[in-house]
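Please go through the disulfides, aromatic pairs and nonpolar cores of the structure shown here.

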Amino acid sequence: QLQLVESGGNLVQPGGSLKLSCIVSGFSWEKYAIAWFRQAPGEEREAVSCLSSSGGSTKYSDPVKGRFTISRDIAKNTVYLQMNGLKPEDTAVYYCAADWTSNAYDYCSTYVSAYDYWGQGTQVTVSS
């Protein structure tokens with residue numbers, strides 16, 4: 001049974017940094033792409049970043065490009081989202097998700113509908 005558990009959300013001042021973690025269990029890294037999504041109150045869930053099953057390809061949404069970095073540590077079964085230069089508009093619940101790809105591809109989707117497995121989310125609030 002694949003499970004994803006996020007942590008690391010917090011209240012932070014504008015310009016600050018946070019590092020989110022997503023511990024993954026019950027799957028093979030080479031068969032799943034992993035993504036971070038976020039959802040603000042009253043808004044649709046949107047992709048923030050994704051990492052291909054091969055580990056060789058990443059994508060970032062325009063609002064976070066240059067500020068956020070996605071990475072993984074296979075030995076720790078963990079995917080990270082390093083967030084720097086945080087802005088109030090980054091306030092949202094952040095979710096990690098897994099998309100079964102059957103093999104190690106250099107591609108990851110940014111569509112919510114592509115992802116089959118979701119964590120419970122972690123709250124990030126950027127405010128002074």
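The questions and answers below concern a predicted model.

Q: How many disulfides does the chain hold?
A: A disulfide is counted where two cysteine sulfur atoms lie within 2.5 Å. Cys22 and Cys96 meet this with an S to S distance of 2.0 Å, and Cys50 and Cys108 meet it with an S to S distance of 2.0 Å. The count is two disulfides.

Q: Is the disulfide of Cys22 and Cys96 right-handed or left-handed?
A: Both Cys22 and Cys96 are buried. The torsion about their S-S bond is about 60 degrees, so the disulfide is right-handed.

Q: Is Cys108 buried or exposed?
A: Its disulfide to Cys50 has a torsion of about 65 degrees about the S-S bond, so this disulfide is right-handed. Cys50 has 0% relative accessibility and therefore counts as buried. The relative accessibility of Cys108 is 1%, so Cys108 counts as buried.

Q: What separates the C-alpha atoms of Ala97 and Phe37?
A: Ala97 is in strand β9 and, at 0% relative accessibility, counts as buried. Leaving out residues up to four places away in sequence, Ala97 touches Phe37, and its contacts also include Leu4, Ala33, Tyr115 and Trp118. Ala97 and Phe37 are 60 residues apart along the chain, and their C-alpha atoms are separated by 7.6 Å.

Q: Is the ring pair of Phe37 and Tyr115 stacked or edge-to-face?
A: The whole structure holds seven aromatic pairs. For Phe37 and Tyr115 the ring centres are 5.2 Å apart and the planes stand at 75 degrees, so the pair is edge-to-face.

Q: How many residues apart in sequence are the parts that the pair of Phe37 and Tyr115 ties together?
A: Phe37 is buried at 0% relative accessibility, and Tyr115 is buried with a relative accessible area of 5%. Phe37 lies in strand β4 (residues 32-39) and Tyr115 in the loop between β9 and β10, so the tied parts are 78 residues apart.

Q: Which residue lies over the face of Trp118?
A: Trp118 is partly exposed, with a relative accessible area of 26%. The charge of an Arg is placed by its CZ atom, which has to be within 6 Å of the ring centre. At 4.8 Å from the ring centre of Trp118, the residue over the face is Arg45.

Q: Which ring has the charged end of Lys19 over it?
A: The NZ atom of a Lys has to be within 6 Å of the ring centre and within 35 degrees of the ring normal. The charged end of Lys19 is 4.4 Å from the centre of the ring in question, that of Tyr80.

Q: Which elements give two or more residues to the largest nonpolar core?
A: This core has 27 residues, and those that touch the most other members are Leu4, Trp36, Phe68, Val79, Leu81, Met83 and Tyr94. Contacts of Leu81, not counting residues up to four places away in sequence, include Trp36, Phe68 and Tyr94. The elements are β3, β4, β5, β7 (68-73), β8 (78-83), β9 and β11 (122-126).

Q: Is Ser61 buried or exposed?
A: Ser61 is in the loop between β6 (58-60) and β7. Ser61 touches Ala47 and Val48, with residues up to four places away in sequence not counted. Buried means under 20% relative accessible area. Ser61 has 18% relative accessibility, so Ser61 counts as buried.

How values were computed
Residues numbered from 1 in each chain as written. Predicted model: local features only at pLDDT ≥ 70, side-chain atom pairs only at ≥ 80, totals over all residues. Heavy atoms only, no water. Buried < 20%, exposed > 50% of the residue type's maximum accessible area, 1.4 Å probe, protein only. Helix = DSSP H or I, 4+ residues; strand = E, 2+ residues; numbered from the N terminus. Contact = heavy atoms within 4.5 Å. Phe/Tyr/Trp six-rings, centres within 6.5 Å; stacked < 30°, edge-to-face > 60°. Core = buried A, V, L, I, M, F, W, Y, C linked by side-chain atoms within 4.5 Å.
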